[in-house]
Amino acid sequence: MQNNTFYNEILTQHNMDPYHKHELDDADFSLEGVNPSCGDDIILNLKVENGVITNGSYTGDGCAISQASADMMLDLCIGKTKEEALRLADIFLGMIKGTATDEEIEELEEAGVLKDISHMPARVKCAVLGWHTLQEIFRDEQAAAAKPGEGIRPANVCHM
Ligand SMILES: [Zn+2]
């Protein structure tokens, strides 16, 4: 790993002081994402107005990589249109698979530090969990629509 200290610092920072880890009462979408191989279990909440993600949060538990990655994903995607967010998710998944270009990885800003996860197969599902859950929300918006009082729909298990 090219800059281990930097990588660890960012991971620690997002776990000690996650910016987006909280409930979101007025969320339009809520979807649970589970990575059974590690025990990561998050609920991703998004508020979307006129096609723009205006707010987002996650709750749940998981390892440092899953939590930091979800936090960084929200940092990047809040304020973006749904299409831009999905494009960034594609780039992130491409980065993890080793197919993204350096220019593309630059667009991921801080999340680019997770690049080297591609060499750690056991952690790949941790890193992609938040991004994959974002994709799932927009893949089936009706199923992911937040229904107050009804709870969230059953877990979306991350297959990758
Ligand atoms: Zn994990």
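Let's start with helices H3 and H5. H3 covers residues 82-97, H5 covers residues 121-139, and their axes come within 10 Å and cross at roughly 155°. Axes here are lines fitted to C-alpha atoms, for helices over the stretch in contact, with angles from 0 to 180 degrees between N-to-C directions. Helices (H or I, at least four residues) and strands (E, at least two) are DSSP runs, numbered from the N terminus.

This is a predicted model: local features need pLDDT of at least 70, side-chain atom pairs count only at pLDDT 80 or more, and totals for chains, interfaces and linings use all residues. Residues are numbered from 1 along each chain as its sequence is written.

Back to the pair. H3 and H5 are therefore roughly antiparallel; angles over 145 degrees count as that, under 35 as roughly parallel, 65 to 115 as roughly perpendicular, and the rest as oblique. Their crossing is left-handed, meaning the near helix is turned anticlockwise from the far one by less than a right angle; clockwise would be right-handed.

Who touches whom? On the H3 side, we have Lys-82, Ala-85, Leu-86, Ala-89, Phe-92, Leu-93 and Ile-96. They meet Val-124, Ala-127, Val-128, Trp-131, Leu-134, Gln-135 and Phe-138 in H5. Contact means C-beta atoms, placed from the backbone, within 7 Å. By class, that makes 12 nonpolar residues, one polar and one charged. Nonpolar is Ala, Val, Leu, Ile, Met, Phe, Trp, Tyr, Cys and Pro; charged is Asp, Glu, Lys and Arg; the others, Gly among them, are polar.

Now the strands. S1 (residues 29-35) and S2 run antiparallel, joined by seven bridges. Pairing takes at least two DSSP bridges. Gly-33 has Ile-42 in S2 as its bridge partner. Four residues sit between the strands of this hairpin, and Gly-39 takes a positive phi near 95°.

S2 (residues 40-49) also pairs with S3 (residues 52-61), antiparallel, over nine bridges. Asp-41 stands opposite Asp-61. Leu-46 stands opposite Gly-56. This hairpin has two residues between its strands, with Asn-50 at a positive phi near 50°.

Last, confidence. The mean pLDDT, the predictor's confidence in each residue from 0 to 100, is 92, and 90% of the residues score at least 70. Strand S4 (residues 156-157) is lowest, at a mean of 65, and helix H4 (residues 102-107) is highest, at 98.

Note on methods. Two residues are in contact if their C-beta atoms, placed from the backbone, lie within 7 Å.
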